[in-house]
Amino acid sequence: MSMSLTYNPKETEEKWYKYWLSQGYFHSEPDERESYTIVIPPPNVTGILHMGHMMNNTIQDVLIRRARLKGYNACWVPGTDHASIATEAKVVAKLKSEGKSKNDLTREEFLKHAWDWTEEYGGRILNQLQKLGASCDWDRTKFTLDDDMYESVIDTFIDLHEKGLIYRGFRMVNWDPEAKTTLSDEEVVYEEKQGLLYYVNYQVKDSDEKITIATTRPETIFGDTAICINPEDERFSHLKGKEVIVPIVNRTIPIIEDTYVDMEFGTGCLKITPAHDENDKVLGDKHNLEIIDIFNEDATLNHHGLDYKGLDRFEARKQFVKALKENNFLEKTENYTNKVGLSERTKAVIEPRLSDQWFLKMKELAQPALKSVLETKEIKLYPSKFENTYKHWLENVRDWNISRQLWWGHRIPAFYYGEGKDKFVVAKTKEEALEKAKIESGNTNLKVEDLRQDEDVLDTWFSSWLWPMSVFDGIRKPDNKEFNYYYPTKDLVTGPDILFFWVARMVMAGYEYTGQKPFDNIYLTGLVRDKNRQKMSKSLGNSPDALNLIDQYSADGVRVGLLLSNAAGNDLLFDESLCQQGKGFSNKIWNAYKLINSWEVDKEIDQPLSSSIAVQWYSNKFQEALNHIEDHFEKYRISDALMTSYKLVWDDFCSWFLEMIKPEYGKPVDQQTRDQAIKLFEDNLRILHPFMPFITEELWHQIDDRTGSEALIVSQWPKSKQIDHKVIKEFSFVQDVISGIRNIRKQKNIAFKNPIDLHVHNNENASKAYDVLIKKMGNINDLDYVQSQVDGCLSFRVKANEYFIPVAGSIDVEAEKKKLNEELNYLQGFLKSVDKKLSNTRFVENAPEKVINIEKQKKADAEAKILTINKSLESL
């Protein structure tokens, strides 16, 4: 292939992705090889590619591409989640823009709109992932509402209900008044909000006395059914058995006693509103209090709100507080900071609400999930610091509210056969339900028309927790060939924010339905933040467009930029300059091959000793780096694996190896050196391919005209070989010598084209085998060994060795003396100031040890520099 002067990433990315797809490299079928499976954390079908997706999927692609190169049958299953709340909200908004309302449609009509929307917009994110280079098995793409996936969810619900683990209960739930559905505790985020504490007076019935309560939510006074005092609080002992009148509402409620009341908080009197506070509900049940629900499902006040009926809760609060004040019920207000629960999805303030919901018992399911991560270590968590979080959640797990008041999703397979919702059966179809209902009710005359299916759908996570099994049809057909081959999967890459939502629940489901773990390793990425440590989000305007980044810096550049700044479990501080660095690395690799390719080859000439040494050194250096890379991958330090590869190629290969083997200007390179350089370059491409798939595949085919079976993506990961550490150590010494020569050339403006002499005082007994390299890399005319210091030279040291470069004719000696004396004067003054500080008894006695050590190090450094300058001045 002809090689262009500059690398064209857009053309390359499009060409090779099409090629990979056409050759079927991403597709996997069970065979005799060991499987390596990753299931994608299914993004919302409503989603578009953002920085979090970019990072997460880049890591997955790195792991899956490396697995292919290591000979595994690699299978990366992609897919999307139907995202009940998010998708329904999108469809409702679209209908609203068209002048329609969900309430005006039948369920079937609404679902048609939802499916139309999904078919038009769903899956965009999967197409965008292809731009990133994601090598998913697209033939296996799943959607949580696919027929087989749907059936798996329903089968699971029925099975768990029959086991007595799913039940229907009247509970206090988290209600999202905007989405008009319940939320699990994990879908509620808490934020500190500045509000007010309202002190409200209640009239004691048949008395002139008033008692004061403190509340942050005065609008809930309409639902008060008692005032509670602590029986040990002597201030209120005279109120036992009395009643108070609810202000404005004029309803009489009892004063009750319970040690639950904190005598130190507020006024020591607590208003009890069982319908709108979980703790109040517990007290209400204990004392048989009336329950008055004052809100509609959209958090407007209902008829219990009297004149405020129909008002939003916050508007009602404003107006009600005004009325309390005008009627002398409001004693005072105080500023008060408290944590307010918000819906993770809609950001609406959550309303505690009593509701009939479906629940899944979790305590029993959590035990194997706890044991596998914390005791047997059958599943490994990276980084392990998250084990404590995992442990806390699972040891304190509550029953899971799995029902949602929505239409988009998996409809709950419960069928009611009587008035109300007390009499029901759970079945897969109406026909099965009818047979069960006849038995349950004893009524053989029941007809299908007499049954009403529950309107609610299941929580989105109830389908996601089956994902590693259901994508291989392991719920419906647990003995199928694919499920037995690909499950358990290998690695799960996701964020710590869904460690409980999704990860822990998948572990529970895996043990419940297979008796096996769903994956071997859990790799938790951090959040993507900007340079100011703010979480990246579109709402904050600090999140760049992912596809624009790819257009600007290339897919490989963005992948490198993301990974260079990411460590497992730590947040990624994203900076676009990192993508520029990644793009620059691509150009460096391109130019490295372009240089090798530009050399004319002479088959007749022998390999120079310098090139032979260079090949020997880099071969060992590569193996040393390969061992580090393997160790990093083993510990899921993906960014460290990339950084090791980056430094190896940029520093060792490009900056040293190529310079060592480069033929003199206008002269050819020998065939052996050229062939060895290409082989080593190919090894570089192999280790870089998982990180930078496009440019590496392009260069792989630039090197040779290869068939489909010889493509880089399906080649072999380099094999580990024995390392000669002596060669690496000796050459490290040589690098320091060459760097010393280059530094003097740079400092004294001695052009590299001008050869110089080098005298070596070999106290270190360093190997002379590398002299040929020192001469070539330093452009040394004459290199000899001396027994003592050489006058008229500039010198430098490498360990115990001294190196002398004659300066006669190369530099202006008088100007150099002047420069050195100026530097000497500065250092002597600096040393004097440091000595003064260290001789100050007060400073030494009071300063931290760390500060004193820093000053001592400054002194030592200055003294060493002064010694070197004095020697240089002597030699001049």
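This report describes selected strands, helices, nonpolar cores, salt bridges and cysteines of the structure above.

The structure is a predicted model, in which local features need pLDDT of at least 70 and side-chain atom pairs count only at pLDDT 80 or more, while totals for chains, interfaces and linings use all residues. Residues are numbered from 1 along each chain as its sequence is written, and side-chain values use heavy atoms, with hydrogens and water left out.

## A covered strand

Helices (H or I, at least four residues) and strands (E, at least two) are taken as DSSP runs and numbered from the N terminus. A residue is called buried under 20% relative accessible area, exposed over 50%, and partly exposed in between, using a 1.4 Å probe and protein chains only. By this scale strand S14, residues 351-360, is mostly covered, with 8 of its 10 residues buried.

Two strands pair if DSSP finds at least two bridges between them. S14 pairs with strand S5 (residues 166-176) in the antiparallel sense over 10 bridges, and here Gly-169 stands opposite Gln-357. S14 also pairs in the antiparallel sense with strand S16 (residues 400-401), over 2 bridges. In that pairing Leu-360 faces Trp-400 of S16.

## Two helices

Which residues of helix H5 (residues 124-132) are buried? They are Ile-125, Leu-126, Gln-128, Leu-129 and Leu-132. Seen down the axis of H5, these buried residues fall within an arc of 160 degrees, so they line one face of the helix. The arc is that of the directions from the helix axis to the C-beta atoms. On the other side of H5, Asn-127 and Lys-131 are exposed. The cover over the buried residues of H5 includes helix H2 (51-69), strand S3 (79-80) and helix H22 (693-703). Just after H5, Gly-133 takes a positive phi of about 100 degrees.

Thr-12 lies in helix H1, residues 9-23. Thr-12 counts as buried at 5% relative accessibility. Contact means heavy atoms within 4.5 Å. Not counting residues up to four places away in sequence, Thr-12 touches Tyr-7, Phe-694 and Glu-698.

## Nonpolar cores

A nonpolar core is a set of buried Ala, Val, Leu, Ile, Met, Phe, Trp, Tyr and Cys residues joined through side-chain atoms within 4.5 Å. The largest nonpolar core has 184 residues, of which Leu-360, Phe-462, Trp-465, Met-508, Phe-653 and Phe-657 touch the most other members. Helix H20 (residues 638-661) gives the most to this core, with 13 residues. Leaving aside neighbours within four places in sequence, the residues in contact with Met-508 include Met-362, Leu-365, Trp-465 and Phe-500.

## Salt bridges

A salt bridge is a side-chain nitrogen of Lys or Arg within 4 Å of a carboxyl oxygen of Asp or Glu. By this rule the count comes to 58. Some of the residues that take part are listed below with their relative accessible areas.

| Residue | Relative accessible area | Class |
|---|---|---|
| Asp-224 | 0% | buried |
| Lys-271 | 7% | buried |
| Glu-315 | 30% | partly exposed |
| Lys-318 | 59% | exposed |
| Asp-473 | 13% | buried |
| Arg-476 | 28% | partly exposed |

The side chains of Asp-224 and Lys-271 meet at 2.6 Å, N to O. Asp-224 lies in the loop between strands S8 (210-215) and S9 (226-229) and Lys-271 in strand S12 (residues 269-272), so the pair ties together parts that are 47 residues apart in sequence.

Glu-315 and Lys-318 form a salt bridge at 3.8 Å, N to O. These two residues are 3 apart in helix H8 (residues 313-326) and are separated by about one helical turn.

For Asp-473 and Arg-476 the N to O distance is 2.8 Å. Salt bridges that share partners join Glu-151, Asp-155, Lys-428, Asp-473, Arg-476 and Lys-477 into one network.

## Cysteines

How many disulfides does a search of the whole structure find? A disulfide is a pair of cysteine sulfur atoms within 2.5 Å, and the search finds 0. For Cys-136 the nearest cysteine sulfur, that of Cys-75, is 9.7 Å away. Cys-136 is buried, with a relative accessible area of 0%. For Cys-269 the nearest cysteine sulfur belongs to Cys-228, 9.1 Å away. Cys-269 is buried, at 6% relative accessible area.
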